[in-house]
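Here is my note on this model, written for someone new to reading structures. Please keep the viewer open and go through the points in order.

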Amino acid sequence: MFFDSNWRKISSAAHQYSRISAFAYDEVLGKLYFTDLDHPEYRLFALDYDDTDELHKVTKLLPKSSQTEYISGMAFDHLERRLYWAEKSSRSVYYVPIDALLSNSSSRAKAAAANDTGNGQSSTTAGDGSSTTPVRIVATVDPDHELAGLAIDECRRHLYWTNSYLKTSNIARAAMNGTVLNVHEEQVYLPRGITVDHYRNRLYWVEKKYGRRYTIESADLEVNDQHTLQTGLDRLPADIAVKNDFIYWTDQENNEIYEMAKEPNATSRTVYRGEHPSAVILRANLLLEHQRNNPDCESVVNRILDNMQRSKPASVLQQETQQGQLTVCLNNGTVNHHTNACLCPPAFGGKLCEIDLCNNYCAQGTCRIGRDNRPRCDCDRRYEGERCDRNRCDGFCLNGGRCQFGTDGTDRSCACDRTGYSGARCENPICGTDYCYNGECYVEDGERPKCRCKAGYRGERCEEYSCNNYCLNGGRCTLGNETTVPECECDDEFAGKRCEIVVRLCSTYNEDPQWQQYCLGVSKTLPLMEPKVTYCKESFNRTVVYTSLCFTVSFVLLLITVLTVHRMMKPPRPRITKKMVVTPMTSRPPGSGTQCEITIENCCNMNVCETPCFDTKLLKKSKKEDKQFLLEDIEDVGGSYRKLPNGDSAAVGQAERK
């Protein structure tokens, strides 16, 4: 199917071919080469497209063989006039000289027609042209490789093919003789269709990633600097083509063709949805016209045009002999006698190269022809846009700002004088919504904010109430109904505009002329200075008194707490209810009885004894020994032991419970 530049269907051809897998376009002859994998006899075909003829002629080129069994990619070299293809079954890249192949096919067709006329029968047989037009092998890849896509860089004379075998997926760059120059494997997974973009000197290819994912990839012509332009789900990309600023690729999952810009993360637009699109190619003079001004392609394009001029068809030569030159191209355009069309030089276009591409193209600037043979504009300093049709100052300065340019003419700026705004584009209001707290903001001298305060407010930003700290000595402030000026109502002891005059001082110093003027308010030059007088009421500092009182109370409470804790921690004396009867074994003092009794309870508990009855350390002993130790302690302290005359001491003691 054929579409115009807006993707409106204009015609269709070769309806009998159902499984087309690859395309290549010959810009010199205007022929479309394709392959059909379901044709029982042939694999390569040529289609002559004529806009004026609904019946498009299809020529059979090469029959089915081991070299053409499964063609997965195809490309055409205009300089050498060779048709290249990648064959998946033999894992090889082949080429055939197209002019010789077309000549042999035409001869076979004429012979077949003559044979049919002589026999009176209809026949469509055609012999194998491989004997007269040999197919040449370019390269063969390893057994663990699977050839998919094929592309040619005609300007730099390089071949590219994709390997879609799962374990060894890669993209190879080779010389035109098949010598591999480098192989790119990083981040490559099942690549398929590939194409060369002469506009930007880059490669583009499609990949079927693992699972449901797919990607559109790009790299430079040395297969480095790889970038992913788009990634998504549920697509099965097969082929890809480029033109100017757009990429076109086919999706065999949803039977669609998409258009997207050559930028990362660009959105895709569906331009066709229909019958299983497997391959796509742009039928245009992308090389002979669009790259004629490209420095990398200029020499190759000129050689192609020279070869085209020397290979005029015999029918054209005969007509020129009889009628002269049939087609005349203006502005040094080149006539393509095979298609009867003009190939225009840079800066011109149209059917006869009659259109000056730069004529009235740039509104405010200088026109030049880019490397893609399209007009470009170098705009004046005040304008921008693709055609210099937009003033750079339009809408740049906001809020009435004035746009201006620097001395070099490149930097634009905004003068925000007397607009009430500031900033690079006068976007910031000088008077913000909260600048004046109780008043209206206005701009003074075009740059400084000022405030007009409401009645009863003052300050730079109207932040202070007029009566705040205005009246002294306890005076009451009010605002005048008409003047809104603060006025003070003073107590009996004070007077003055702000209650700053002490009345009793005026009565005390009434004989002093200065004080008389001061008190009566006659003098306008004498400063109203309040005498420094200390009053008892004012000298009383409540804070100091309250602080001292708090410290005193706190100290007393702390002392009571310490004494209480100390008393509770001191161990109490035990209650002892024992008595001891002592009977001396020797002589006693005269007048004494036979025995004496000592009540331990009275001694210890009644404070009779001068010394303690026992050592508190003895309390730590066991209870069985309490009695004996207690008695010994008492005797030792009280001096109950007596020294006998013979140096011995003895005592007999008996303790009873009371």
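In which loop does Cys-353 lie? The reply is in point 2.

1. **Ground rules.** This is a predicted model, in which local features need pLDDT of at least 70 and side-chain atom pairs count only at pLDDT 80 or more, while totals for chains, interfaces and linings use all residues. Residues are numbered from 1 along each chain as its sequence is written, and side-chain values use heavy atoms, with hydrogens and water left out.

2. **Cys-353.** Cys-353 lies in the loop between β25 (348-349) and β26 (355-356). Strands here are DSSP runs of E with at least two residues, helices are runs of H or I with at least four, and both are numbered from the N terminus. The phi of Cys-353 is positive, about 60°, although the residue is not a glycine. Is Cys-353 buried or exposed? Cys-353 counts as buried, because its relative accessibility is 0%. Buried means under 20% relative accessible area, exposed means over 50%, and partly exposed is in between (1.4 Å probe, protein chains only).

3. **Asn-255.** Here is another positive phi. Asn-255 has phi near 55°, and it is a residue other than glycine. Look for Asn-255 in the loop between β20 (246-251) and β21 (256-261). Asn-255 counts as partly exposed, because its relative accessibility is 25%.

4. **The whole chain.** The protein chain has 9 helices and 45 strands. Of its 658 residues, 38% count as buried. Take the contacts in the protein chain with a separation of 6 or more: residues 24 or more positions apart account for 40% of them. Contact means heavy atoms within 4.5 Å.

5. **Helix α2.** Helix α2 covers residues 298-310, which is 13 residues. From its first C-alpha to its last, α2 reaches 19 Å, close to the 18 Å expected at 1.5 Å a residue. The expected span is 1.5 Å times one less than the number of residues. Which residues of α2 are buried? They are Val-300, Val-301, Ile-304, Leu-305 and Met-308. These residues sit on the same side of α2, because they cover an arc of only 135° around the axis. The arc is that of the directions from the helix axis to the C-beta atoms. An α-helix has 3.6 residues a turn, so residues three or four places apart point the same way. What do the buried residues of α2 pack against? They pack against β23 (334-336) and β24 (341-343).

6. **Thr-195.** Thr-195 lies in strand β15 (residues 191-197). Thr-195 counts as buried, because its relative accessibility is 14%. Leave out residues up to four places away in sequence, and Thr-195 touches Ala-151, Arg-202, Leu-203, Tyr-204, Ile-240, Ala-241 and Val-242.

7. **Aromatic pairs.** Rings of Phe, Tyr and Trp (its six-membered ring) pair if their centres lie within 6.5 Å; planes under 30 degrees apart count as stacked, over 60 as edge-to-face and the rest as tilted. By this rule there are 11 aromatic pairs. Phe-34 and Phe-45 form a stacked pair, 5.4 Å centre to centre with 20° between the planes. Phe-34 is in strand β4 (residues 31-36) and Phe-45 in strand β5 (residues 42-48), 11 residues apart. Phe-34 counts as buried at 2% relative accessibility, and Phe-45 counts as buried at 0%. The pair of Tyr-84 and Tyr-95 is tilted, because the ring centres are 5.3 Å apart and the planes are at 35°. Tyr-84 lies in strand β8 (residues 82-87) and Tyr-95 in strand β9 (residues 92-97), so this pair ties together parts that are 11 residues apart in sequence. Ring pairs also link Tyr-17, Phe-34, Tyr-42 and Phe-45 into a cluster.

8. **Charges over rings.** A charge sits over a ring if NZ of Lys or CZ of Arg is within 6 Å of the ring centre and within 35 degrees of the ring normal. Arg-452 lies over the face of Tyr-442, at 3.9 Å from the ring centre. The charged end of Arg-498 sits over the ring of Tyr-470, 4.9 Å from its centre.

9. **An annotated span.** The unreviewed UniProt entry gives the annotation "transmembrane region" to residues 544-565. UniProt positions are given in the numbering used here, feature names are shortened, and annotations may be inferred rather than shown by experiment. In the model, residues 544-565 are 100% helix and 0% strand, and their end C-alpha atoms lie 32 Å apart.
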